[in-house]
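User: I am new to this structure and would like a close look at one part of it. Please go through the charged side-chain pairs, starting with the residue I ask about below.

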Amino acid sequence: MTCSCITRRRALCMAAFTALATSSLLAGCGDKAAEQQSLAPVEIDRSTSCELDGMLLADYPGPKAQIHYAGQEKPSFFCDTIELFNTLLAGEQVRAVRAVYVQDMGKADWNEPKGHWIDAKTAVYVLGSKRHGSMGPTIASFAQEADAAKFAGEHGGKVLRFADIKLDMVDLSGGALHDTRM
């Protein structure tokens, strides 16, 4: 009789442990799914404004960008990739960055860019083209190097990777710092 009690008690403990472990794993999966969803790019709408200057993104041409910061529910948007890189490369940046997205201008309409968000760190960029974004000269972003090379051939500029872009290349003196239209 003692053996059956221990076996029954052990079986109940094992069942409780299994239920607890399963619910913990499922909760962990739910947290991961929610976290991944919160890191997914967010589409802009008519009211989406720029983190730096309050400009409405939908009103201007050229590639847009967004940064997902740790501890911040919604991403910070930028109406221009120059502003994005200036923010990321400035020494004052202390918030933890969880994800960064730019638009693939090989697919998005330059004059009214919507969708086509790509990971900024894997994107290919064209610096110094004749095409302007919301704040004047901008850095065009592409998912494919062939699209970037084609764009550079048509509009000028130099093809670069994310790590090749340095702070002195993303001067805001012609853009957000001197925007007097607001």
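Is Arg46 buried or exposed, and at what relative accessibility?

Analyst: This is a predicted model, in which local features need pLDDT of at least 70, side-chain atom pairs count only at pLDDT 80 or more, and totals for chains, interfaces and linings use all residues. Residues are numbered from 1 along each chain as its sequence is written, and side-chain values use heavy atoms, with hydrogens and water left out.

Arg46 counts as exposed because its relative accessibility is 57%; buried means under 20% relative accessible area, exposed over 50%, and partly exposed in between (1.4 Å probe, protein chains only). The side chain of Arg46 meets that of Asp59 in a salt bridge, at 2.7 Å from N to O. A salt bridge here is a side-chain nitrogen of Lys or Arg within 4 Å of a carboxyl oxygen of Asp or Glu. Both Asp59 and Arg46 sit in the loop between helix 1 (2–39) and strand 1 (65–69), 13 residues apart. Helices (H or I, at least four residues) and strands (E, at least two) are DSSP runs, numbered from the N terminus. Asp59, at 41% relative accessibility, counts as partly exposed.

The structure holds 4 salt bridges. One of them joins Arg161 and Glu145, with 2.8 Å from N to O. Arg161 belongs to strand 7 (residues 158–161) and Glu145 to helix 3 (residues 145–155), so this pair ties together parts 16 residues apart in sequence. Arg161 is partly exposed at 39% relative accessibility, and Glu145 is partly exposed with a relative accessible area of 43%.

Another salt bridge links Glu112 with Lys114, whose closest N and O atoms are 3.6 Å apart. Lys114 is exposed, at 53% relative accessible area.
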